[in-house]
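Subject: Structure handover

Hello,

Here is the structure you are taking over. Please open it next to this message, and my notes follow below it.

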Amino acid sequence: MLMRWMAVLALCGAAAGWASELRFCLRTDPKTFQPLLVEDESAEAVRYLTGGVLIRLNRYTQELEGDLATHWKVSENGRRIDFALRKGVRFSDGTPFTCQDVVYTMHQLMDPALHSPVGDAFRSGPGATEAKCEGDSSVMVRFPAPVAALAAQFDEVAILSAQSKGKDSVVLGPFEVGEYKPGEYVLLRRNPNYWKHDGNGRALPYLDSIRLEIQQNRELELLRFRRGELDIVNKLDPEMYDRLSAEMPHAVVDAGPSLDWEAVFFNQVANAPLPEYKRRWFRNDEFRRAISEGIRRDDIVRIVYRGHAHAAAGPVSVANRFWLNSALKPPSGSQAAAMALFERAGFHRSGNSLYDREGHKVEFSMITNTGNQLHERMLALIQQDLARFGIQLNVVALDFPSLVERISRTFNYEAVLMAFTGPDLDPSGQMNIWLSSAANHQWNPNEKTPATPWEAEIDKLMMAQERSQDRAKRKADFDRVQQIVADKAPIIFLVNPNALAAVSPSVKNVTPAALSPQIYWNADRLQVGGNLVSRR
Amino acid sequence: MSFQQKIALAVLAVIAAAALGAGWITPHSYAEQSREFISAPPSKDFWLGTDDLGRDRLARLLYGTRVSLLLAPAAALLSTVIAALIGGAAGYLGGRAERMVTTGIDLFLSLPWLFLLLAVRALLPLNTSPVMSVTITFLLLGCLGWAAPARIIRAGTMTLVNSDFLVQARAGGVSRGRLFWRHLLPNLRPIFLAQFWISIPLFILSEANLGLLGLGVSEPLPSWGALLRDLENYSAVLQNPWMLAPAVLLVAVVGCVQLLLGTEQSAGDRAVC
């Protein structure tokens, strides 16, 4: 009798659609639903779930796969790309997808009046971008100058409808925006015209809808997940992960190291308001290497991240399988090795303090953003690690705007601990960090000419890899960049935090990946509750 | 002094002695990290266990008590003195001066002081030592915390100024100075003391909150505020109840102070009579 009632209840649930909605949180309201204007994380989540792209980066295999394009070919040294388009595809409003839609999207993307942040990656030089149909189902796009990693850049270009101009709700992705209540939720409904089918011929996506709740408070998000009101928490910090793991061991997911970094750098800006002797310390390669060597990364991993991180050797995470220079190893944290480097750099220990050649006691401050407990703990560990050498480190937590003001405008700081999130897989995405002339060349931005020979070499290598279409040559060049960065330590890489998430056991087909969006990257194949309705 | 008040005084004396004699009670420094014993339960070596960086909780509690018991009363004294001067003067003078001060207090209370505190932190030299940083924090709290007590003191003063015994004294030809020093001030003492004692736990908790803005005590110096922040992790508190020690100590100190305050109020009451 009881079994019969349970079966009836399950059927009622499936009929009412309870089981086919996936629910998770966005931290903020999406700033736009126009896919070419996406800048913020929330809008990016909506674009990922609703936008159809020509080429998709498989977050799990890290390989490019055809999506709306069945084939593509890059030529003219990265200036031109030709796409063969998939046939029989329709937009969510039922209109057919044609080459004109790709041409229209490219014109919109490169239109200076639109100021598309997504288009910035394609703006390789002065001149117009040409896009034209070559037959019914092929398109040619030619840029004025070579674009690095050209095919991969199309992962972020959601194709717009030329027939329904200006309608952001007309999409080619698995879901369409159904309802939006600012400050409350975004409801994505299943796109009935989505072109993909599974191996058994069933129409995808399996889910009827995705409800994206706007929720800034992480504790509330976790509480709602524990109550069963949410199905996914896409990013967890290690403390939350362990807490949830104790209560719901089957719900937590550690997808391994992410691409993110936690890193320290010293102020090397020539006109920074620093005493001259401190500027000399911070510009001394061996001083920076000694600091790097003296920080015990394994303790940061074990104590701060509770084991959910990997000690970093350089700017490429172990999660980035192709571009990682596997010859590099993280510094050991050896006191003897670090002290030897300090001595080579002209520093000596006297009593409880370290002094430079001129007798200045080594004391400096390290700033970080306030309210970040992981950073506070990391700094407390670094403080004691450096105290072993007689260095007095003053820890200062600042609100984020003050911190940004200091590191990018006034340059009134000595050292900083920062998180760098979401760097691209491809090194071309790091051009703005490694080129000496770049604004995000954090330790000494906007150099007119490279300040050191090794920065000049990095410039040369980065430009060379940017221009080349030979993947092996690009890899060799970027390996050398990683080696130089490890040797000169302009940025001291500490750890790559793991991608931690929580997934309700009722969500099926989850294949966690280190790349964002870690849990729902294959949203069209996710199921909730296991009640699958046949759709052909 | 009642028996409970004697007990309260004894408890406060023990706490103060323990804070001053921290070096004898625990061999560990508040900054020393025993990284092999992170989040350890109480043991022979660590009587209150260790925190999540392997630091002795007892050592941090005792040294934090020093910081908080010295600086929070100092800040409370500063804010009470300012409040007494401004609120007392407004209530005593009355009329236009009183209205101006009341408006000023309301304006002061409505200002977003958070931004001033952020600006102050941003303006401080980066190589400010932890001791200097915590001193500045409590000094700021003292300077900014006068408005609410000033309102109460103003109201108390106005009530007293219009009370029968002061009207009689005025009518009897008592000079303004004598009226103020001999009759008004002693009767305001209980209000001053109440505001002073109430401000202490308030400032301790404010310091804890300011820590989130980077204005509180900086690493590795402990304070009650910084230690109380550990209680945000409620599931860890349930599993490790000894983490509640700073909260217990704070409640004990505030409770004892309230008991002693009763004595002072009684003394004040006697003065009125």
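Into which domains is chain A divided? There are two: domain 1 covers 28-231 + 504-528, and domain 2 covers 261-497. Please keep in mind that this is a predicted model.

The two domains

Taken over C-alpha atoms, the centres of domain 1 of chain A and domain 2 of chain A are 35 Å apart. Ten residues of domain 1 of chain A make contact with ten residues of domain 2 of chain A. On the domain 1 side of this contact, six residues are nonpolar, four are polar and none is charged.

A pair of helices

Two packed helices are described by the angle between their axes and the distance between the axes. For helix 14 (residues 453-467) and helix 15 (residues 471-488) of chain A, the angle is about 160° and the axes are 9 Å apart. Angles over 145 degrees count as roughly antiparallel, so helix 14 of chain A is roughly antiparallel to helix 15 of chain A. The crossing of helix 14 and helix 15 of chain A is left-handed.

Which residues meet between helix 14 and helix 15 of chain A? Helix 14 of chain A brings W454(A), E457(A), I458(A), L461(A), M462(A), A464(A) and Q465(A). Helix 15 of chain A brings R474(A), D477(A), F478(A), R480(A), V481(A), I484(A) and K488(A). Sorted by class, this contact has eight nonpolar, one polar and five charged residues.

Helix 9

Helix 9 of chain A (residues 297-304) is mostly covered, with six of its eight residues buried. Those buried residues are R297(A), D299(A), I300(A), V301(A), I303(A) and V304(A). What covers them? The cover includes strand 14 (309-311), helix 11 (373-387) and strand 20 (491-503) of chain A. After helix 9 of chain A comes R306(A), which has a positive phi, near 50°.

Where chain A touches chain B

In this interface, 25 residues of chain A are in contact with 18 residues of chain B. On the chain A side, the elements that give two or more residues are helix 6 (238-247), helix 9, strand 17 (363-369), helix 11 and strand 18 (392-398). Which of them gives the most? Helix 11 of chain A does, with seven residues. By class, the residues on the chain A side divide into ten nonpolar, seven polar and eight charged.

Regards

Terms used:
Residues numbered from 1 in each chain as written. Chains lettered and ligands numbered in written order. Predicted model: local features only at pLDDT ≥ 70, side-chain atom pairs only at ≥ 80, totals over all residues. Domains from an automatic or database assignment. Contact = placed C-beta atoms within 7 Å. Nonpolar A, V, L, I, M, F, W, Y, C, P; charged D, E, K, R; others polar. Axes fitted to C-alpha atoms, helices over the stretch in contact; angles between N-to-C directions. Helix = DSSP H or I, 4+ residues; strand = E, 2+ residues; numbered from the N terminus. Parallel < 35°, antiparallel > 145°, perpendicular 65-115°, else oblique. Left-handed = near helix turned anticlockwise from the far one by under 90°. Buried ≥ 20, exposed ≤ 12 C-beta atoms within 10 Å, placed from the backbone.
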